[in-house]
Amino acid sequence: MNKKTRSQEVDVSGHRVKLTNLDKVLWPDAGYTKGDLINYYAKVAQFILPHLQRRPLTVVRYPNGIDGKSFYQKNAPASTPEFVDTVTVGQGDDQINYILASNPATLVWLANQAALELHPWLSTTDHPEQPDVVIFDLDPAEGSGFDDAREIAFIIKAGLDELALIGYPKLSGATGIHIYVPIEPKYSYQITSSFVGFLGKLMTQLYPAKITNERLVKNRTGRVYIDHLQNLFGKTIVSVYSPRPNAGAPVSVPVTWDELEKSNPGQFNIVNAVDRLQQVGDLFAPVLTHKQSLDHILPQLGL
């Protein structure tokens with residue numbers, strides 16, 4: 001695709017998608033355009049779509065690039081094409097018609113709207129009240145950074161090992177690290193949030209100078225924040241393989257635990273992330289199939 005072409009209509013998996021303003025710069029520091037974003041999503045569609053299937057989607061749009069105003073979008077707009085699947089959640093004034101990313105054409109359509117970030121639910125439409133993944137979102141507060149998040153990630157891994165659970169890490173694309181623990185979709189969000197809160201509280205007690213579960217931002221200084229409330233119903237986290245609105249067009253990419261020891265937050269972007277996927281495949285594929293039980297942990301949670 002020629003990014004200098006301002007508009008065109010393309011065929012994506014049998015669907016016609018109109019593309020506009022392809023030369024609009026979204027990442028000024030690197031010069032990456034909306035055309036580059038569209039190309040990226042088209043190339044990684046086979047890898048990212050399995051992680052978005054049947055998950056209500058919130059997108060973050062940057063119509064004037066990462067230095068301009070952005071906004072979250074949950075409701076599918078009135079102009080949504082017929083090839084885009086949606087699902088209605090809630091009732092009355094709380095009703096939201098969420099987009100479902102079911103096909104490559106939907107990804108390309110979203111990219112054309114400068115939907116730079118994709119945030120799927122932790123549960124699917126098959127069982128919306130029961131998540132099939134638990135998230136440990138390690139967010140360095142002011143005075144701490146990626147190296148601190150990495151250290152805490154390995155502490156969390158040790159805790160998961162003790163509980164006979166396997167976690168899969170990914171770089172957030174910013175300064176944080178996300179650890180996904182795939183589970184059987186039979187537990188409520190209250191249980192999964194309580195589990196993360198339980199482990200986070202335990203780690204905070206063991207490493208009070210390094211880890212915090214403090215809700216007030218001003219009280220987190222110098223530590224890594226573990227947010228168990230990120231695991232509540234309707235909450236989202238940036239998808240694996242989603243770009244981020246930071247310099248260099250970084251991407252949230254999974255890594256092995258061995259790789260995490262020497263990774264850096266801006267290591268992968270919308271260019272080399274494609275090369276990596278072609279070389280190593282989807283390291284997050286087990287998140288879709290390795291569904292683990294929390295039954296042996298429930299007594300410790302008082303549930």
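Author: The largest cavity is lined by 14 residues, and nearest its centre lie His51, Arg55, Pro120, Val133 and Tyr180. This is a predicted model, in which local features need pLDDT of at least 70 and side-chain atom pairs count only at pLDDT 80 or more, while totals for chains, interfaces and linings use all residues. Residues are numbered from 1 along each chain as its sequence is written, and side-chain values use heavy atoms, with hydrogens and water left out.

Reader: What makes a space a cavity, and what makes one a pocket?

Author: On a 1 Å grid over the protein atoms alone, a cavity is a set of points where a 1.4 Å probe fits but cannot get out. A pocket is an open set with protein on both sides within 12 Å along at least five of seven lines, and lining residues have an atom within 4 Å of a point. The structure holds two cavities of 30 Å³ or more.

Reader: How do the residues lining the largest cavity divide by class?

Author: That lining has 10 nonpolar, two polar and two charged residues. Ala, Val, Leu, Ile, Met, Phe, Trp, Tyr, Cys and Pro count as nonpolar, Asp, Glu, Lys and Arg as charged, and the others, Gly among them, as polar.

Reader: What is the volume of the largest pocket, and which residues are closest to its centre?

Author: Its volume is about 500 Å³. Of its 26 lining residues, Tyr72, His119, Gln230, Thr236 and Ile237 are the closest to the centre. The lining divides into nine nonpolar, 10 polar and seven charged residues. Strand E10 gives the most, with three residues.

Reader: How many helices and strands are there, and why is the protein called as compact as a globular one?

Author: There are eight helices and 14 strands, which are DSSP runs numbered from the N terminus (helices H or I, at least four residues; strands E, at least two). The radius of gyration is 19 Å, close to the 19 Å that the globule rule gives for 303 residues, so the protein is as compact as a globular protein of that length. That radius is taken over C-alpha atoms, and the rule is 2.2 Å times the number of residues to the power 0.38.

Notes: Points joined across faces, edges and corners; volume = space filled by probe spheres on them.
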